[in-house]
Amino acid sequence: MTSQDGATALRLDRDHVFHSWSAQAHLDPLVIAGGLGSTVWDHDGRRYLDFSSQLVNVNIGHQHPRVVAAIQEQAATLTTIAPATANLTRGQAAERILSHAPAGFSSVFFTNGGADANENAIRMARLHTGRDKVVSAYRSYHGNTGAAVVATGDWRRVPNEYARGHVHHFGPFLYRSEFWASTPEQESERALHHLERVIQAEGPGSVAAILLETIPGTAGVLVPPPGYLAGVRAIADRYGILLILDEVMCGFGRTGRWFAFDGFDVRPDLITFAKGVNSGYVPAGGVIISDPIAKTFDDAVFPGGLTYSGHPLAMASIVATLDAMADEGIVEHAAAIGSDVIGPGLAALAERNPIVGEVRGLGVFWAVELVRDKDTHQPVEPAVVGKVKAAALSRGLLPFLADNRVHVVPPCVVTAQEAATGLGLLEEALDEVAATL
Ligand code: PLP
């Protein structure tokens, strides 16, 4: 590992690698050569505390030795096998996942990631109900493929609207309420009323599913107010609509629970997952299917499939990840880091810093709203967020940025010391930028 390797990596990237969601000519990516736990480093040995978990997926931290060993062992045994075969590691991965799901879920359909998990959950919901429409939130991201990107609410949907039957609504978000609400209870009640009115106006008999991130992630870590998810469940039941909960970002430890919905009074019909299930060591995702929906496909053919569904390397990484997370108490650790370190630390930072308007979250899943004005909540401009990024990186902190926010989303294994250090660096960066405004 030399500085020359770093320069070569950057040159090859800029010459030949086409990046996601970007105008290609303006990129200057960070070069990363290695990582361990909550730290990554470049070819010059410059280290960064990873407060992003990359794309909020490396829940178990970088290079967990048990997961790396399991992938190596599986590679030596059988690197790939068709999905139509039965394979021991695949069965074990499904069993491990289901052991964390509620009663009444006995099957898993494996995909390559989160987008195709949602794609297939939508397909199952449409075939099970015989209905077409899917209602999802404007403040959401569900993936980059056909139906998933049109179910998505944010700007990435707009240039990609080729799928049909998608309807959107506003979910609850008290800090930027669409409903003129001033309490969480009001926001919850009014958001539920709005959702039900949207469904009624669309014709409830045409709606197959409501698809929600249990806690919308990229949209801002929008923890639902009391009663909201239970209310959505009740609306779905009233009209014979299925509830799909997207746990791709918020599942597998991120909120300090195995599934984010474990913290709420709600049970979905389909659960989609990816990211934290194996921390992205090998691409993987899937759909956890409740028994009545699985039964629909006992005799009817399920018209969906992927060459790499249940890929052995991914399956081995899932088994090892979930075993290590259970044995090492990683989910409970994430909950404690949230309540003991990140939560109080960010609350204190919000008091002190003039551009922090609100902090919210739980576990290792937090958002910091950067605003021009704490009274009007006017967001800071993209250039300010760019300055925050530069100020954080210059201090050795790798942040996750979305719109006018910094998301504090370190691996679930982040130590109390690392979390406190990272919050200190973030505060320095925010102070530096606030002083320029
Ligand atoms: N759903 C949610 C909630 C996500 O955050 C993401 C990715 O960020 C996806 C789906 C898409 O997952 P993938 O990028 O693995 O296709």
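**Entry 1: the model.** I am working from a predicted model.

**Entry 2: who sits around the ligand.** I started with the shell.

Entry 3: I looked up the N and O pairs next. Lys275 uses its side chain: one of its polar atoms there is 2.8 Å from a ligand oxygen. Ala115 works through its backbone instead, with a polar atom 2.8 Å from an oxygen of the ligand. Tyr141 also comes in by a backbone N or O atom, this time 3.4 Å from a ligand nitrogen. As for cover, the ligand on its own has 390 Å² of accessible area, and the protein covers 80% of that.

**Entry 4: H4 and H10.** On to helix packing. I took H4 (residues 88–98) against H10 (residues 312–327) and read a crossing of roughly 40 degrees, with the axes coming within 8 Å. Roughly parallel stops at angles under 35 degrees, so I put H4 down as oblique to H10. I noted the hand of this crossing as left-handed.

**Entry 5: H7 and H8.** How do the axes of H7 and H8 cross? Helix H7 covers residues 184–202 and helix H8 residues 228–238; I got roughly 25 degrees, and the axes come within 10 Å. That angle makes H7 roughly parallel to H8. I wrote the H7 and H8 crossing down as right-handed.

**Entry 6: H11 and H13.** Last pair. Helix H11 (residues 330–352) packs on helix H13 (residues 416–434) at about 15 degrees, and I have their axes 10 Å apart. I therefore called H11 and H13 roughly parallel to each other. H11 goes past H13 with a right-handed crossing.

**Entry 7: to remember.** For the site, I keep the Lys275 side chain at 2.8 Å from a ligand oxygen and the 80% cover by the protein. For the helices, I keep the left-handed crossing of H4 and H10.

How values were computed. Residues are numbered from 1 along each chain as its sequence is written. This is a predicted model: local features need pLDDT of at least 70, side-chain atom pairs count only at pLDDT 80 or more; totals for chains, interfaces and linings use all residues. Side-chain values use heavy atoms; hydrogens and water are left out. A polar contact is a pair of N or O atoms within 3.5 Å; within protein, one must be able to donate a hydrogen and the other to accept it, and residues adjacent in sequence count only if both atoms are side-chain atoms. Accessible areas come from the Shrake-Rupley method with a 1.4 Å probe; for residues, only the protein chains shown count as cover. Axes are lines fitted to C-alpha atoms, for helices over the stretch in contact, and angles run from 0 to 180 degrees between N-to-C directions. Helices (H or I, at least four residues) and strands (E, at least two) are DSSP runs, numbered from the N terminus. Angles under 35 degrees count as roughly parallel, over 145 as roughly antiparallel, 65 to 115 as roughly perpendicular and the rest as oblique. A crossing is left-handed if the near helix is turned anticlockwise from the far one by less than a right angle, and right-handed if clockwise.
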